[in-house]
Amino acid sequence: MAKINFLQSLPHKEIAKYSKGPPKNGIPFIGHPRQHPVDNNKLILIYDPIGVNPMIMEFKLDDIIFIEELPATVTETGESIPQIKLWIRRGARGIVLEPFEVDEPIRFIQKNREFREKFFIKPDV
């Protein structure tokens, strides 16, 4: 339960509680939270931890506008995984850590060319 304690220590003045539905300027992400190993201003979210395509995402704490605690998910072996729903500010930048095979050329496990082009290839002006 240390992950939930970590979330409770986030700066309260910057995270508002919405009682009348979800925030209109946020996008929800559901997963298992982890404290970032080296940057106290960031959060790691294991998105869909027991699903078919789990992902590791990184967000800045300043971009979190709302947090909902959800019931824990239980694995087939009976392990309980705490889950939260993070509402991230629309337009914020997150990072997805993606596995790859070390080879020439590098082989990405899940390719998403359109996403990479949007962020890393500058359009011709």
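User: How do you know how confident the predictor is in the protein chain?

Analyst: pLDDT gives that confidence on a scale from 0 to 100. The mean for the protein chain is 77, and 69% of its residues reach 70 or more. Confidence is lowest in helix α1 (residues 2-8), with a mean of 50, and highest in β3, with 94. Where pLDDT is low, the predicted coordinates should not be read in detail.

User: What makes up the pattern along the sequence?

Analyst: The protein chain has two helices and eight strands, and their order is α-β-β-β-β-β-β-β-β-α.

User: Why are β4 and β5 called a pair?

Analyst: Two strands pair if there are at least two bridges between them. β4 and β5 have eight bridges, in the antiparallel sense, so they meet that cut-off. Their hairpin has five residues between the strands, and G78 takes a positive phi near 90 degrees there.

User: Which residues form the largest nonpolar core, and why is it called a core?

Analyst: Its nine residues are L43, L45, M57, F59, L61, I64, I84, L86 and I88. The name applies because such a set consists of buried residues of nonpolar kinds, joined through side-chain atoms within 4.5 Å. β2 (42-47), β3 (55-60) and β5 (80-89) each give two or more residues to this core, and β5 gives the most, with three. In general, nonpolar side chains in soluble globular proteins tend to be buried together.

User: What does F59 touch?

Analyst: Leaving out residues up to four places away in sequence, F59 touches F29, N41, K42, L43, L45, L86, I88 and G94. Another core residue, I64, stands opposite I88 in β5.

User: Why is D63 called buried?

Analyst: D63 has a relative accessible area of 6%, and buried means under 20%, so D63 counts as buried. D63 lies in the loop between β3 and β4 (64-74). Beyond its neighbours within four places in sequence, D63 is in contact with W87, I88, R89, A92 and R93.

User: How do you know that D63 and R89 make a polar contact?

Analyst: Their side chains make that contact at 2.6 Å. The cut-off for such a pair of N or O atoms is 3.5 Å, so this distance falls within it.

Definitions and conventions:
Residues numbered from 1 in each chain as written. Predicted model: local features only at pLDDT ≥ 70, side-chain atom pairs only at ≥ 80, totals over all residues. Heavy atoms only, no water. Buried < 20%, exposed > 50% of the residue type's maximum accessible area, 1.4 Å probe, protein only. Helix = DSSP H or I, 4+ residues; strand = E, 2+ residues; numbered from the N terminus. Contact = heavy atoms within 4.5 Å. Polar contact = N/O pair within 3.5 Å; in protein donor to acceptor, adjacent residues only side chain to side chain. pLDDT = per-residue confidence, 0-100.
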